[in-house]
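This report describes how two chains meet and how one of them is put together. Please keep the model open while reading.

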Amino acid sequence: MIEYRIHGRGGQGSVAAAYLLASAAFEAGHTCQAFPAFGAERRGAPVTAFVRIDNKPIHLRSQVRTPDFLIVQDDTLLLDREITDGLKPGGAMIVNTKRSDDEVAEAFSCRTKCIPATELAMEYIGRPIPNTALLAAFLTMTGHLPVDALAAALKGRFKGKLLDNNLALIQRVTGMVEPGAWKETEHA
Amino acid sequence: MREALEGSQAIARAVALCDPDVVAAYPITPQTHIVENLSKLVAEGDLHTEFVSVESEFSAASVVLGAAASGARAYTASSSQGVLLMAEVLFNIAGMRIPLTMTVANRAVSAPLNIWNDHADSMAVRDSGWIQLHCENNQEAVDTTIQSFKIAQDTDLPVMVCMDGFVLTHTMEVIDIPTHAQVRKWLPPFVFKRALDPSDPKSLGALVSPDFFPEVRHSHHAAVDKALPVIEKVDASWAKTFKRDCGGLLTVEGPEDAKVGILAMGSTVGTLRTGLEHHDGPGAKLIKLRAFRPFPADALRAAVAGLDSLIVIDRAISPGLGGILGSEVKSTLYGMPNAPRIHNHAIGLGGRDIPESIVGDLLSSIEDPDAPAFSVFDADLSMLPPEDR
């Protein structure tokens, strides 16, 4: 089982990101579970969501305490140094930020990849929703799921121009990161 | 068809597959997405039903009461304070033996205000005379929802399908949704023999004097009791058609010769199962109670035979008594030869996250001879002033 924790802010679509990742896992033939850390959500407040992906039924319902990977949708959340709490040894973190990998990695002991996902989303979709770019980069690097599965999950949600723009964004992002760079941590 | 779906969305789809004539509900967290999705299905023309937007849960329950009494298949859903606002009508629905279905997205009850999951709401209407079934996961919630319409009309009783708020309602997982054709073939059209009919006038719920009231209550009690075999039969019929079941009244897993058992209801069972799989040492039996009303006393006595200790997990408490489920299990096993010793704990009140490591803590707690007969197991008493501990 691979466990993910997603950190974002209310309005950025953290729960949508979790559902999108789980849907992509389903499209790739896995079992999945995605849920938010239920709170009284409001715009801008920190929001956490969780995803589990496996090849057998998932019975565990607790929050993800020891994730294999972190997906951080807003770099101001890095001010909280506890954001990496519980991350498994060998785990990694992907961050939506314009800052460089080295600059962010300096403050944390885990492997880190930075993607300017908000800027890319503005360019391709016209809205500051970083999910497609972050997940495309993440899946390309980990190889957990084929990037096609993400495209299939997006096809279940969007139509027309919005879908085309999202698919174009996937193409752009997959060319920005090293395929399989985080592959050795795959254990699903 | 298997799909990755949010629990609430799946429940709305399941309700729609049953062709309800009338749906009335008032939104409340964490039930809201069920009602939203139902109204969306209506707006998009995928569900043809009389969707009644009401101004309160009291009205929602009243509308489905009236609808079902006139012979319509009716559905409603609520949570927490909403269930309490319905309470008077819920007793009326059951007392008039009106067959209908209601989803309770289980949530704690105020005060203090808490929107998260426990079982205080459905427990508060435990004695209303409804059938109450609990679901471990969203597949069971979908299947039990469809089954509940059949159980209701086979028993002339209302059925409450209890699913853990947020933990199930807001969780996306892989769910197999039957087709409309499959459900139409399995679920007969709604028939209510006592339906109000102007050509054959009668009353429902009229004044009953002391001359008849005890007989009415006796027959209600007997009717709910008689639902036990119906719940089993409907689940068996479901399994025959859909190749999966929901566990009838209760299920028992784990080693045959285990001396310790853990009993729970709802989504907690999944976490306990995972905890037991990863726990070293002698295994324990896991008893999942699906039917809470009617209470399956005989099945429970059979399930605990051979156990030395039984840990009963409550997701609600009765202040001044302790665990509600724990007390019921104790009373059921009273007088049974070699009955296991009961260790009753409430966990996860008001949505406190339940980690799988709790299984180890629960199992070691039974070794403590000074352990209290009941505890709020995951409460950190150091957070309280000494006089409140």
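## Basis of the description

This is a predicted model, in which local features need pLDDT of at least 70 and side-chain atom pairs count only at pLDDT 80 or more, while totals for chains, interfaces and linings use all residues. Residues are numbered from 1 along each chain as its sequence is written, and chains are lettered from A and ligands numbered from 1 in the order in which they are written.

## Contact between chains A and B

Between the chains, 18 residues of chain A are in contact with 20 residues of chain B; contact here requires C-beta atoms, placed from the backbone, to lie within 7 Å. On the chain A side, the elements that give two or more residues are α1 (14–27) and β2 (31–36). Helices (H or I, at least four residues) and strands (E, at least two) are DSSP runs, numbered from the N terminus. β2(A) gives the most to this side, with 6 residues. By class, the side has 10 nonpolar, 6 polar and 2 charged residues. Ala, Val, Leu, Ile, Met, Phe, Trp, Tyr, Cys and Pro count as nonpolar, Asp, Glu, Lys and Arg as charged, and the others, Gly among them, as polar.

β2(A) also pairs with β8 (172–176) of chain B, in the antiparallel sense and over 2 bridges. Pairing requires that DSSP finds at least two bridges between two strands. In this pair, Ala34(A) stands opposite Met172(B).

## Two domains in chain B

Chain B is divided into domain 1 (2–242) and domain 2 (250–388), with bounds from an automatic or database domain assignment. Taken over C-alpha atoms, the domain centres are separated by 27 Å. Contacts link 27 residues of domain 1 of chain B to 20 residues of domain 2 of chain B. On the domain 1 side, β6(B) gives the most, with 4 residues. The residues of that side divide into 16 nonpolar, 6 polar and 5 charged.

## The sheet of 7 strands

An open sheet of chain B with mixed pairing has 7 strands in the order β3-β2-β4-β5-β7-β6-β12. Its edge strands are β3 (50–53) and β12 (291–293), each pairing on one side only. β12(B) pairs with β6(B) in the antiparallel sense over 2 bridges, and Ala291(B) in β12(B) is the bridge partner of Leu133(B).

Which residues of helix α11 (297–304) of chain B are buried? They are Leu300(B), Ala303(B) and Val304(B). They fall within an arc of 85° seen down the axis of α11(B), so they line one face of the helix; the arc is that of the directions from the helix axis to the C-beta atoms. The face turned away carries the exposed residues Asp298(B) and Ala302(B). A residue is buried if 20 or more other C-beta atoms lie within 10 Å of its own, exposed if 12 or fewer, and partly exposed in between, with C-beta atoms placed from the backbone. Among the elements against which the buried residues of α11(B) pack are β9, β10, β11 and β13 of chain B. Just after α11(B), Gly306(B) takes a positive phi of about 95°.

Notes
Contact = placed C-beta atoms within 7 Å.
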